[in-house]
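Colleague: I am new to this structure and would like to go through its aromatic rings and nonpolar cores. Please show it to me.

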Amino acid sequence: MLAVFLIALFGLVIIGAPIAFSLVGTGFFMMLTQSLSRPSSWSFFALAQKFVNGTDSVPLLAIPFFMIAGEIMTRGGISRRIVDFAYSVLGRFKGGLGYVGILASMIFAGVSGSAVADTTAVGSMMLPIMEGAGYDKPKSAGIICAAGCIGPIIPPSTQMIFYGVCAEVSVSALFLGGIVPGILIGIGLMVAWFFHVRKRNYPVGPKTSLFGIFKAAKEAFFAICLPAFIILCITTGIATATETAALAVLYALIVSGFVYREFKFNEWPNLMINAMKSTAVMMFVVGSAQVAAYMVTTCAIPQLLAKVILSMTNSPVTFMLLVNLLLILVGCVMDSGPAIMILTPILLPIAKGFGLDPVYFGVVMVANLCIGLATPPVGNVLYCAVSLSKVKLADLIKASLPFVGVMYLVLLGITMFPELILFVPNNLG
Amino acid sequence: MSVLKKINNGLMAFIKVVLIGAGTLMTGLVIMNVILRYVFNSGLSWSEEACRFLFIWVTFLGAILANDTALHGEHMRMDFVVEMFHGIPRKILEIIALLLVLAMLAILFMGGIELVQGTWPMLTSALRIPKGAVYLCAPIGFGYMFIQTLVKLSKIITLSGEALETADTEAE
């Protein structure tokens, strides 16, 4: 049955069928094989029902809300303010623009839940400036590309909402669990950038006085406050993740529309159509993943796989290393959203068997697959950085290799020390 | 053909209006519920249910809209393997993929009809509307996507290998 699952899924995906229908097809073929001799027990009804029930989810509603909030903030001129603030703090160092890009990406990660949105917002501002200052073009694109992957690791995060729904784990706890790993990856990237800068002749930016930093912080105040507002709502339990997301939309509307006055309200209809359409595309995969997950559970795939894994190892650490290796491979060829929805129902039961915390497992999984967004051949962030920087794909892959490597090193760190992830949700959540 | 195209365009425009309305309504309802809870210490029992139902409809109507643009639509797919092929093999692969998609859509459409029939007598707990009415979006969505995919299939069969490879970029 495991073979049917793998052949159907990969066969359909490889010939270019949409992911959603590949998943439905996988479920269908498993149903066929399971009861080949009894066509009367095939139930199209069950397939359609699982699909529709999969899309019937309030937690997932947070995804379009966070998407809209981020989009409003971006159109309201927030990226410029965040970059200005980051520049006032870190621009003074040699090769400072690289650090500015990383810090700006981290702050923007707290506003948006998507890696592509993060890369676009920061990259479209930073890359022309970096090129103008004589920075190595592929390296600049590489660091922006790597930093963009932090987007869904620091809350809010589309991918964590997916995992939370699949795993029936609190989205708020996952959000809190992502804070430390996200910051650690940011620091790791800054260290890697430091080693790149050391050998180069990059200009040193002007020193901004404390008053200048204060002024830039004041300008960016409402932008920096949004992540704090989101984390506050979640930790105090004032609102659920979905309600927090809706409040973030209200916050973004007020700040961009009335305080910064750069958001035009007649942009709302178009913004809404795009947000709803991209949400529908994601929800279609969510629904279809439920069809596949239903058959995966019915056919006891996790138990089959658990037996194979337990015959190899009974140490949770080795298991997590194997999972990470698998996810790196999957992350190369698959987008993070579908990967989470397909793999969570298969891997989580095994992880629970090893006594691992589902929040810890989820954050590792999300972080791993988000770094995978920067790896070829399938990497949304990678292609986003290519189109922003006009650098050749092959050059960008080569330039971003050390940065991606550093991110995987940090991932190894948080995998070995679960406390790094669990400390915040256990003490605040 | 042009009449059908006009009907299709009208339908897409209608879907867009529904998406704007539903999206705005969902945002408003969730915000209102938080405000009601903290300021007035009350809440609307039907608002969560309404949001869920709107969300299901948004999913299926949005999926139709996303399937409408360009040759392959905007639904997530992995195309880097297919793009390694050219000419006739490429065309055959694309046709096989679409035939499988058609089969899945037909199955889901039939299952969706059964689902609507089976749940019509049940009423939802807060809004007291037939559950089948909520699920009606499933056969509508799968059915319309089936028609869209048929049109795509006929286009792929008639297009030459070269035109097939540039079809998506030209449509943008």
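Colleague: Is F142(B) buried or exposed?

Modeller: This is a predicted model, in which local features need pLDDT of at least 70, side-chain atom pairs count only at pLDDT 80 or more, and totals for chains, interfaces and linings use all residues. Residues are numbered from 1 along each chain as its sequence is written, chains are lettered from A and ligands numbered from 1 in the order in which they are written, and side-chain values use heavy atoms, with hydrogens and water left out. Buried means under 20% relative accessible area, exposed over 50% and partly exposed in between, with a 1.4 Å probe and protein chains only. The relative accessible area of F142(B) is 0%, so this residue is buried.

Colleague: F284(A) and F142(B) form an aromatic pair; of what kind?

Modeller: Rings of Phe, Tyr and Trp (its six-membered ring) pair if their centres lie within 6.5 Å; planes under 30 degrees apart count as stacked, over 60 as edge-to-face and the rest as tilted. Here the centres are 6.1 Å apart and the planes make 55 degrees, which is tilted.

Colleague: Which helices does this pair link between chains?

Modeller: Helices are DSSP runs (H or I, at least four residues), numbered from the N terminus. F284(A) lies in residues 268-298 of chain A and F142(B) in residues 137-158 of chain B. The helices are α14 of chain A and α5 of chain B.

Colleague: Why is the pair of F28(A) and F44(A) tilted?

Modeller: Over all chains there are 22 aromatic pairs by this rule. In this one the ring centres are 6.2 Å apart, and the pair is tilted because its planes stand at 55 degrees.

Colleague: Over which ring does the charged end of R81(A) sit?

Modeller: A charge sits over a ring if NZ of Lys or CZ of Arg is within 6 Å of the ring centre and within 35 degrees of the ring normal. For R81(A) the distance to the centre is 3.6 Å, and the ring belongs to Y260(A).

Colleague: How many residues does the largest nonpolar core have?

Modeller: A nonpolar core is a set of buried Ala, Val, Leu, Ile, Met, Phe, Trp, Tyr and Cys residues joined through side-chain atoms within 4.5 Å. Among the residues with the most contacts inside the largest one are Y163(A) and W193(A), and its size is 204 residues.

Definitions and conventions: Helices (H or I, at least four residues) and strands (E, at least two) are DSSP runs, numbered from the N terminus.
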